[in-house]
Amino acid sequence: QVQLVESGGGSVQAGGSLTLSCSASGNIVSINDMGWYRQAPGEQRELVAVVTSGGQTNYADSVKGRFTISRDSAKRSVWLQMNSLKPEDTAVYFCNANIKVFLRMSRDYWGQGTQVTVTS
């Protein structure tokens, strides 16, 4: 069984910073893309940032220049450094990873979500 465990959410004033962490565990053969999504109340879940196994990154336009995604494949971990936070960044943030386990095809797994609240 694969688990993604997140940490690092919280409440911060506008302009502040937070770092989210996510680690994968279980009977993992390999991890492809790892990323972060977020979902605000009443909104659909949206992609925030993704990093491939080769280190290529992609960001939502709304966070470019403010957020940085990174990963350590050996540690099966991904981080999201969030700077210059805005109230509109308030959401539940979910870790996502495309993972291959032994004898099964790769599929997406999700963390439980961590709340980020930015106050003005």
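Leucine 103 counts as exposed, at 74% relative accessibility (exposed means over 50% relative accessible area, buried under 20% and partly exposed in between, with a 1.4 Å probe and protein chains only). This is a predicted model, so to speak of local features takes a pLDDT of at least 70 and side-chain atom pairs count only at pLDDT 80 or more, while totals for chains, interfaces and linings use all residues. Residues are numbered from 1 along each chain as its sequence is written, and side-chain values use heavy atoms, with hydrogens and water left out.

Back to leucine 103: this residue sits in the loop between E9 and E10 (strands, E, are DSSP runs of at least two residues and helices, H or I, of at least four, numbered from the N terminus). Its phi is positive, about 70°, although leucine 103 is not a glycine. Most residues other than glycine have a negative phi. Arginine 76 also has a positive phi, about 55°, and is not a glycine either. Its place is the loop between strand E7 (67–72) and strand E8 (77–82), and with 29% relative accessibility arginine 76 counts as partly exposed.

Another loop, the one between strand E5 (46–51) and strand E6 (57–59), holds glycine 54. Glycine 54 is exposed, with a relative accessible area of 67%. From glycine 54 to aspartate 72 it is 18 residues in sequence and 11 Å in space, C-alpha to C-alpha.

Now for the cross-links. Searching the whole structure turns up one disulfide (a pair of cysteine sulfur atoms within 2.5 Å). The partners are cysteine 22 and cysteine 95, with their sulfur atoms 2.1 Å apart. The link is left-handed, with -80° about the S-S bond. Cysteine 22 belongs to strand E3 (residues 18–25) and cysteine 95 to strand E9 (residues 91–101), so the pair ties together parts that are 73 residues apart in sequence. Both ends are out of the way: cysteine 22 counts as buried at 1% relative accessibility, and cysteine 95 is buried with a relative accessible area of 0%.

Next, the rings. There is one aromatic pair in the structure (rings of Phe, Tyr and Trp, the last by its six-membered ring, pair if their centres lie within 6.5 Å; planes under 30 degrees apart count as stacked, over 60 as edge-to-face and the rest as tilted). Tyrosine 37 and tryptophan 110 have ring centres 5.0 Å apart and planes at 65°, so the pair is edge-to-face. Since tyrosine 37 lies in strand E4 (residues 28–39) and tryptophan 110 in strand E10 (residues 107–110), this pair ties together parts that are 73 residues apart in sequence. Tyrosine 37 is partly exposed, with a relative accessible area of 23%, and tryptophan 110 is partly exposed too, with 37%.

Tryptophan 110 turns up again with arginine 45, which lies over the face of its ring at 4.6 Å from the ring centre (a charge sits over a ring if NZ of Lys or CZ of Arg is within 6 Å of the ring centre and within 35 degrees of the ring normal). The charged end of arginine 45 also sits over the ring of phenylalanine 94, 3.7 Å from its centre.
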